[in-house]
Amino acid sequence: MDAIRLPTSNQLYVIAGGSGALQRMLTLAARLALRGGVWVLDCGNRANPLPVVRELRRLTMDPVRALANIQTARAFTCYQVLALLEQTCARQVREPVVIFDLLASFYDESVRYDEGQRLLTAALGHVHGLLAGAPVMVSVRPPPSDFPERAAFVQRVCAEADQCWVEEAPSATDVYRQGSLWK
């Protein structure tokens, strides 16, 4: 995963994993904001802006200016994710789009598997529509253990990607050495 760089072309980049993947996406959003506009779509209600601010403070003397480059929106259900992607695509954005935790609401127990598949197909259509104007970076995490069949959703998103990085869980030895599961 150390090979992740700022995108240079209109491709779909996917980072699959847990909180480490989310942290990498937050850092990526900060670095993109230094270059210009960036759209941040939080589909899992997990994107904390504090790490972005910290990264910007570390990288520039004017973090407020860089923060002004970030457009954010949140979705709380898979239906809202689809609507958010549709609206963003309709705007024909020309700045990079960072989508946090795309599949979080697709794991909701009230959403049938086949309905989730249908919505994911439509959502990915809009993600590909966004690629006409800018690169798109997406993070996905594995489903909860209650829904192992929904791992197919992660596989589907990764299969659609031009580049996909899978964050590996650290070994038990690494956990013991580091003192925590995710750094």
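Helices (H or I, at least four residues) and strands (E, at least two) are DSSP runs, numbered from the N terminus. With those labels in hand, we can take a walk through the model.

This is a predicted model, in which local features need pLDDT of at least 70 and side-chain atom pairs count only at pLDDT 80 or more, while totals for chains, interfaces and linings use all residues. Residues are numbered from 1 along each chain as its sequence is written, and side-chain values use heavy atoms, with hydrogens and water left out.

**The sheet**

Let's start with the strands. In what order do the six strands of the open sheet stand? The order is S3-S2-S4-S5-S1-S6, and the pairing is parallel; two strands pair if DSSP finds at least two bridges between them. Strand S3 (70-74) and strand S6 (163-166) are at the edges with a single partner strand each, so one side of each has no neighbour in the sheet. From one strand to the next, the twist averages 15°. Angles here run from 0 to 180 degrees between N-to-C directions, and axes are lines fitted to C-alpha atoms, for helices over the stretch in contact.

Strand S2 (residues 38-42) runs parallel to S3, and five bridges join the two. Val40, for example, has Thr72 in S3 as its bridge partner. Helix H6 (residues 151-160) packs on the sheet, where it touches strand S1 (12-16), strand S5 (136-140) and S6. The direction of H6 makes about 145° with that of S1. Contact means heavy atoms within 4.5 Å.

| Helix pair | Axes come within | Crossing angle |
|---|---|---|
| H1 (residues 19-35) and H2 (residues 49-59) | 9 Å | roughly 50° |
| H4 and H5 | 9 Å | roughly 20° |

Angles under 35 degrees count as roughly parallel, over 145 as roughly antiparallel, 65 to 115 as roughly perpendicular and the rest as oblique. The axes of H4 and H5 cross at roughly 20°, which means that H4 is roughly parallel to H5. H4 passes H5 in a left-handed crossing, whereas H1 passes H2 in a right-handed one. A crossing is left-handed if the near helix is turned anticlockwise from the far one by less than a right angle, and right-handed if clockwise.

Is Glu55 buried or exposed? Glu55, in helix H2, is buried, with a relative accessible area of 11%. Buried means under 20% relative accessible area, exposed over 50%, and partly exposed in between (1.4 Å probe, protein chains only). Not counting residues up to four places away in sequence, Glu55 touches Thr27, Ala30 and Arg31.

**Two loop residues with positive phi**

Most residues other than glycine have a negative phi. Gln92, in the loop between helix H4 (78-90) and strand S4 (97-100), has a positive phi near 50°. Gln92 counts as exposed, at 58% relative accessibility. Asp101 lies in the loop between S4 and helix H5 (113-130), and its phi is also positive, near 50°. Asp101 is buried, with a relative accessible area of 3%.
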